[in-house]
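I opened the model today to look up its strands, ring pairs and salt bridges. These are my notes, in the order in which I made them.

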Amino acid sequence: MTAVSDSAPPTPDPLLCAALAADLDSADFRSEPLRGLWGEEADDALARGLREPILRAITGDDGVLATLGRLFVLGMPQPREAVATALAHVGVDGIESLGLAVADRDSVRPTALLRPQSFVDADGIGEWWIASDLDEVALDGPLPADHVLGVGGASRTLAEIVTPIEVDRALDLGTGCGIQALLVARHAASVVATDISARALAFAELNALLNGVRNIEFRLGSMFEPVEGEAFDLIVSNPPFVITPRAEGVPEYEYRDGGLVGDALVEKFVRSVAAYLTAGGIAQLLGNWESRDDERGLDRLASWVPDDIDLWAIQREELSPLGYAELWIRDGGTTPRDAAFTPLLSAWLDDFAVRGVTAVGFGYVLLRRPRSSSAGSTRAPLRRTERMPQPVSNVGGALRQGLAAHDLIAEGGLPDTLITAADVTEARHLLPGNDDPSVIELRQGGGFGRTVAVDTALAAFVGACDGELTVVQIVSALADLFEVPLADLWADIEPRIRQLVLDGFLLG
C-alpha cells in the first residue's frame with residue numbers, strides 16, 4: 001500500500017493568506033517574471049520534471065524572487081534569513097502556521113509547492129497562486145496516496161472546455177487543489193466545491209483565500225453526497241477516473257483513483273448527474289471509458305445517459321490496454337527499471353482481460369438537462385458522440401455554439417438567413433492540367449478544427465451566405481445555375497446545410 005503524506009494538510013487562515021498574498025505580489029511572484037528570471041528553456045524543462053536547468057540559471061542569485069522560486073516552485077529548503085526577507089508580511093512563522101513549510105533555526109523547508117498559474121477566459125487574462133503537495137521531483141520519490149495534485153494537463157483541459165456562461169449556482173465535484181472552482185467562481189454567483197479528501201479541501205480553501213475569492217463553499221464527501229437534494233446551473237468535474245486494478249499491491253492515489261472497477265466511476269457520474277441539474281443546466285467532465293469485445297466505448301457511454309438528457313461526448317485519444325497500463329504506472333513514479341513495474345503491469349493487463357477490454361478512450365463529456373420545449377414540440381435530445389484527434393482551440397466556446405445550433409434547428413429548423421463563420425476557409429485540389437477541382441474542402445481555423453469535403457453546389461452555397469440572401473434564394477439560384485430541379489437540389493443539399501450549421505461552419 002502506498003504511504004500517505006508525512007506532512008499535515010495546510011491550515012487556511014484568512015489573515016495569514018492575505019499577508020502571504022501581499023508578499024507574493026510585492027515580489028512579483030508571477031509566471032512571466034519567473035520565466036524571465038531563469039529563461040524559457042529552463043522553465044519548459046521544469047514541466048518535464050527537470051529542475052537542474054533552473055538551479056544553474058539562478059546560481060548565486062539571493063534575491064527575493066530567486067529565493068521564493070527555489071522555495072515554492074522547486075520545493076527546496078532555503079536559508080531562514082532569506083525567506084524572512086522575502087516574506088516580510090507573513091513571516092516564517094506565518095507560512096509555518098499555514099502549513100506550507102517547517103523551519104528550524106537556520107533554514108526553511110517547504111512542505112508544499114506554491115506556483116503561479118495563468119489562465120485566459122471570456123473576461124481576459126489572469127493568474128492565480130496555487131498551492132499543492134510537493135511533487136515527485138521535490139520528494140525525490142513516488143507520490144503518497146493522499147497526494148494533492150497541482151494544476152496538471154487534465155486540469156488545464158477541463159478549464160478549456162467549460163462553456164463560458166454566467167450562472168447562479170455551480171458545483172465543482174472533486175475539486176482537488178481548487179483550480180476549477182476558482183475559474184468557475186468568476187462567472188457564478190456561488191460555487192460549491194466538494195472532495196472526498198479533507199487534505200484536498202484544505203488546499204482548495206487556502207488557494208481561494210490566497211487569491212481573494214470569497215464565493216466558494218467547501219464540503220467534504222464522495223460524489224454527490226455533499227449536495228444531496230440540491231440543483232446547479234453548471235457542474236464541472238475532473239473526477240478520479242483512472243482505471244486501476246482493485247488488486248493487492250497496486251497503489252491507489254486519491255487524486256486519480258475512484259476506487260471502483262473499470263470505468264464504473266464515470267458511469268456512476270453520468271447516470272446520477274441529471275438529478276442535480278436545473279432546467280438548462282450543464283454538466284461537463286473528463287473521463288475514461290472502456291471499449292470491450294462486444295461494444296465500442298462511446299456507445300457504452302451513451303447507454304448510461306438518461307433518455308431525456310442531452311449528450312455530447314468527444315473522444316480525444318484511445319490507448320491499448322498495454323499503453324494505458326504503462327502510462328499510469330509511470331505516472332505513479334514506477335519505471336520499467338523498477339522491480340515493481342512488471343507485477344503492476346501484469347495486474348493491469350489481467351484486470352483488463354477479465355472484462356474483455358480492447359481499448360480505453362479519453363475525452364470530454366457534456367450533459368445538459370433541456371429546458372421545457374415549446375407547446376407541441378417533440379424535440380429529440382442531443383445525442384452526439386465523435387472522435388476528434390485533431391488539434392482544437394476555444395473548445396468551451398465551440399461547445400456553446402454547437403448547443404445553440406442544435407437548439408435552433410431542433411426548435412425551428414434552418415433559419416431564413418445564414419452567415420459563413422469568420423474562421424472558415426476553402427481549399428480546392430486539382431489534378432495537373434485540370435481546371436475542375438477533384439476535391440473541395442471547407443476548413444475551420446478554430447474551435448474543433450473540422451475539415452469537411454463538399455461538392456461544387458455546397459461550396460457555392462457556403463460562399464453566398466453573407467446574411468443578405470435567404471437560404472431559399474441561394475438554393476433557387478443554384479438550381480438555375482446547375483440546371484437541376486429545385487426540389488431535387490433541396491432534398492440533396494438541405495441535410496448537409498443543416499450539418500454545417502451544427503458543426504459551426506454556418507451561423508444563424
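I began with terms: two strands pair if DSSP finds at least two bridges between them. Helices (H or I, at least four residues) and strands (E, at least two) are DSSP runs, numbered from the N terminus.

I noted that this is a predicted model, in which local features need pLDDT of at least 70, side-chain atom pairs count only at pLDDT 80 or more, and totals for chains, interfaces and linings use all residues. Residues are numbered from 1 along each chain as its sequence is written, and side-chain values use heavy atoms, with hydrogens and water left out.

**Entry 1**

I looked up an open sheet of three strands and found the order 1-3-2, with antiparallel pairing. Its edge strands are strand 1 (78–79) and strand 2 (101–103), and each pairs on one side only. Strand 1 runs antiparallel to strand 3 (residues 107–110), and two bridges join them. Which residue of strand 3 does Pro79 stand opposite? I found Ser107 there, facing Pro79.

**Entry 1: strands 4 and 5**

Strand 4 (residues 112–121) and strand 5 run antiparallel, joined by ten bridges. I picked out Arg115, whose bridge partner in strand 5 is Ile130. I then checked how covered strand 5 is, using these cut-offs: buried means under 20% relative accessible area, exposed over 50%, and partly exposed in between (1.4 Å probe, protein chains only). Strand 5 (residues 124–133) is mostly covered, with seven of its ten residues buried.

I found another open sheet of three strands, with the order 15-16-17 and antiparallel pairing. Strand 15 and strand 17 stand at the edges with a single partner strand each, so one side of each has no neighbour in the sheet. The twist averages 25° from one strand to the next; axes here are lines fitted to C-alpha atoms, for helices over the stretch in contact, and angles run from 0 to 180 degrees between N-to-C directions.

Strand 15 (residues 424–429) is joined to strand 16 (residues 439–444) by six bridges. In this pairing Ala427 stands opposite Glu441 of strand 16. Strand 16 also pairs with strand 17 (residues 451–454), in the antiparallel sense, over four bridges. I noted two of the residue pairs: Leu442 stands opposite Val452, and Arg443 has Thr451 as its bridge partner. How many residues lie between strand 16 and strand 17 in their hairpin? I counted six, and Gly447 in the turn has a positive phi of about 60°.

**Entry 2: aromatic rings**

I wrote down the rule before searching: rings of Phe, Tyr and Trp (its six-membered ring) pair if their centres lie within 6.5 Å, and planes under 30 degrees apart count as stacked, over 60 as edge-to-face and the rest as tilted. The structure holds eight aromatic pairs. One of them, Phe119 with Trp128, is stacked, at 5.0 Å centre to centre and 20° between the planes. Phe119 has a relative accessible area of 10% and is buried; Trp128 is buried too, at 7%. Tyr253 and Tyr255 form a tilted pair, at 5.9 Å centre to centre and 50° between the planes. Tyr253 is buried, with a relative accessible area of 5%. I also found a cluster in which ring pairs link Phe224, Phe269 and Tyr276.

**Entry 3: salt bridges**

A salt bridge is a side-chain nitrogen of Lys or Arg within 4 Å of a carboxyl oxygen of Asp or Glu. My search of the whole structure gave 34 salt bridges. Among them is Arg35 with Asp44 (3.2 Å, N to O), where Asp44 is partly exposed at 37% relative accessible area.

I looked next at Asp310 and Arg368, whose closest N and O atoms are 2.9 Å apart. This pair links distant parts of the chain: Asp310 is in strand 11 (residues 310–319) and Arg368 in strand 12 (residues 357–368), 58 residues apart. Are these two residues buried or exposed? Asp310 counts as buried because its relative accessibility is 0%, and Arg368 counts as buried at 9%.
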